[in-house]
Amino acid sequence: MRIDIVTLLPELLESPLNHSIMQRAKERGLLNIHLHQLRDYAINKHGQVDDMQYGGGAGMVIMCEPLSKVIEKLKSEREYDEIIYLTPDGKTFQQKIANTLSLKNNLMMICGHYKGIDQRIRDLYITLEISIGDYVLSGGELAAAILVDSIGRLIPGVLNDETSALTDSHQDGLLAPPVYTRPAEFKGLNVPEVLLNGNFKLIDEWRQDQAIQRTEERRPDLME
Ligand code: ADE
């Protein structure tokens with residue numbers, strides 16, 4: 001998979017996308033991420049990419065021309081399955097969306113700043129608008145990093161244990177059950193007996209029960 005990210009702050013994305021599982025995905029050639037500095041497409045030699053909003057009001061708006069230039073350049077080089085704009089008024093990101101996006105070949109992500117981007121760019125080019133939650137970030141970069149991480153780890157071959165993504169919280173609509181490792185007793189707390197007896201049918205049943213119980217307690221909204 002190839003992901004192109006258009007941003008004014010590529011530095012914000014470099015560290016999260018160059019460690020751990022994302023780094024492994026890159027090294028294995030399964031995920032190629034390209035960062036594009038929007039300022040390189042500025043409208044003048046002062047590096048201007050934003051302007052005041054029509055109608056007045058606080059906050060700058062990222063202009064059409066720089067975004068249009070970079071998006072059209074990238075689109076002329078390959079076909080994109082989705083052009084995603086990260087925005088607090090987008091569709092709330094969920095595991096289901098990560099699953100769908102992990103099957104795509106080429107994604108483009110646009111990170112906004114200030115008041116956001118000119119609506120006409122959204123009308124003309126954006127195919128999917130995503131919010132990572134009901135709160136406002138200073139820009140789309142951290143949201144893009146979250147999307148890339150959650151999508152990247154689902155690409156076949158990225159995780160070492162292929163089954164581990166399947167047992168994540170949310171993957172089957174339930175929260176994950178509790179997990180334990182050695183020692184069997186710690187400060188008077190014991191690992192549940194069922195996990196120690198090697199009966200995998202019983203273990204599966206226990207995990208399923210725990211997942212349901214945990215979801216009912218913590219996220220009753222998911223049970224409906
Ligand atoms: N940009 C600013 N806030 C955001 C949010 N909650 N989700 C995605 N992009 C954003």
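Buried means under 20% relative accessible area, exposed means over 50%, and partly exposed is what falls in between, with a 1.4 Å probe and protein chains only. By that scale, E77 is partly exposed, at 41% relative accessibility.

What you have here is a predicted model, where local features need pLDDT of at least 70, side-chain atom pairs count only at pLDDT 80 or more, and totals for chains, interfaces and linings use all residues. Residues are numbered from 1 along each chain as its sequence is written, and side-chain values use heavy atoms, with hydrogens and water left out.

**The overall layout**

The chain splits into domain 1 (2-152) and domain 2 (169-223), with bounds that come from an automatic or database domain assignment. Their C-alpha centres sit 37 Å apart.

**Salt bridges**

Side chains of opposite charge can pair when their charged atoms come close. A salt bridge here is a side-chain nitrogen of Lys or Arg within 4 Å of a carboxyl oxygen of Asp or Glu, and the count by this rule is 10.

| Pair | Closest N to O distance |
|---|---|
| R2 and D4 | 2.9 Å |
| R122 and D89 | 2.8 Å |

R122 belongs to helix 5 (residues 119-124) and D89 to strand 5 (residues 82-92), so this pair ties together parts that are 33 residues apart in sequence. Helices (H or I, at least four residues) and strands (E, at least two) are DSSP runs, numbered from the N terminus. R122 is buried at 14% relative accessibility, whereas D89 is exposed at 52%. Salt bridges with shared partners also link R2, D4, K73, E77 and R78 into one network.

K73 and E77 both lie in helix 3 (residues 64-77), four residues apart, which is about one turn of the helix.

**Some buried spots**

H36 sits in strand 2 (residues 32-37) and is buried, at 12% relative accessibility. Contact means heavy atoms within 4.5 Å. Not counting residues up to four places away in sequence, H36 touches D4, I5, V6, T7, V70 and L74.

Y41 is in the loop between strand 2 and strand 3 (50-52), and it is buried at 16%. Setting aside neighbours within four places in sequence, Y41 is in contact with P66, K69, V70 and K73. From C-alpha to C-alpha, Y41 and L67 are 7.5 Å apart in space, though 26 residues apart in sequence.

Then there's S102, in the loop between helix 4 (95-101) and strand 6 (106-111). S102 is buried at 9% relative accessibility. A polar atom of its side chain lies 2.7 Å from the backbone oxygen of N99. Beyond neighbours within four places in sequence, S102 is in contact with M1, I151, L154 and I155.

**A patch on the surface**

L9, L12, Y135, L137 and L142 make up a nonpolar surface patch, together having about 410 Å² of accessible area. Patches are made of residues with over 30% relative accessible area and no salt bridge, where like charges are joined within 9 Å and nonpolar side chains (Val, Leu, Ile, Met, Phe, Trp, Tyr) within 5 Å. The areas come from the Shrake-Rupley method with a 1.4 Å probe, and for residues only the protein chains shown count as cover. L137 is in the loop between strand 7 (128-131) and helix 6 (141-152), and is partly exposed at 34%.

Notes: Polar contact = N/O pair within 3.5 Å; in protein donor to acceptor, adjacent residues only side chain to side chain.
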